Structure formats: structure tokens, C-alpha cells
Amino acid sequence: DLAGISFLWESYNPDCWWFEIFECVRKLCMTGLMIFIYSGSASQIVVSMLFSIISIAVYVTFKPFPSYDDDVLAICSQLSIFFTLFGGLLLRVEVTKDFDETTFGVLLIVVNSS
């Protein structure tokens, strides 16, 4: 009887029953896998950004939630992760020394507040 574990897929559209598996793999890749890639390097951020882009593509393609609003929220969350990583990459590679830290900080807050 699968009723005891139905919480794993009942939040998703029936054709996206597998999405919780994708979510677990995504979270493992974005956290656990990153420790094996030059800690604190730009390469680590770039690999995270690639996983983030793949996640965005999967969310946009499959729209796994029954509610349109939930799909939009999930896509916005993935975009927020991507832009936060992009900001981290800009800081890591020091694209320019002449940038306004206040403006940069406000932009990161806005991206993560939406």
C-alpha cells in the first residue's frame, strides 16, 4: 500500500510523480557535491550555476505543481538562486574594483526578496 508515502508525490501533478526525486538530487548536487569542487573557487560557483540553470529549465519545462502560482513561485526561487550565485561569482573574480557595495547589496536583497 502506497498511501503511507503518498506525501512524496501528492504535491505534484500526476505526470510529475517523480519530481520529489529530482528535488532531492538537485539539493544534493547544490550542497553535498559542491564540497568536491575546489572549495571557495570560482569553479565551484560556476558548477553551482550550471546546476541552477538545469533546475530552471526543468521547472519551466515540466511545471510540476497543480497550481500555476506554485509553479511561478518555484521558478522565481530558482532564478533567485541563480542570480545570487552570479553575484557571488562577480565578487569572487573581482570583475571590477570600482563598484558600489551598497547598490550591490541592495540588488541582492531585492533579488532574494521577490
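**Note on aromatic pairs, a salt bridge and a surface patch**

1. The count comes to 8 aromatic pairs in this structure, which is a predicted model. One of them joins Tyr12 and Phe19, whose ring centres are 5.5 Å apart and whose planes stand at 50°, so the pair is tilted. Tyr12 is buried, with a relative accessible area of 9%, and Phe19, at 0% relative accessibility, counts as buried too.

2. Phe19 also pairs with Phe22: the ring centres lie 5.1 Å apart and the planes are at 45°, so this pair is described as tilted. Both residues belong to helix H1, where they are 3 residues apart, about one turn of the helix, and both are buried.

3. Tyr12, Phe19 and Phe22 are among the members of one aromatic cluster, which also includes Trp18, Tyr59, Phe62 and Phe65.

4. Helix H1 also holds Glu23 and Arg26, which are 3 residues apart, about one turn of the helix. Their side chains meet in a salt bridge, at 3.0 Å from N to O, and the count for the model comes to 1 salt bridge. As for cover, Glu23 is buried, with a relative accessible area of 8%, and Arg26 counts as buried at 12% relative accessibility.

How values were computed: Residues numbered from 1 in each chain as written. Predicted model: local features only at pLDDT ≥ 70, side-chain atom pairs only at ≥ 80, totals over all residues. Heavy atoms only, no water. Salt bridge = Lys/Arg side-chain N within 4 Å of Asp/Glu carboxyl O. Helix = DSSP H or I, 4+ residues; strand = E, 2+ residues; numbered from the N terminus. Buried < 20%, exposed > 50% of the residue type's maximum accessible area, 1.4 Å probe, protein only. Phe/Tyr/Trp six-rings, centres within 6.5 Å; stacked < 30°, edge-to-face > 60°.
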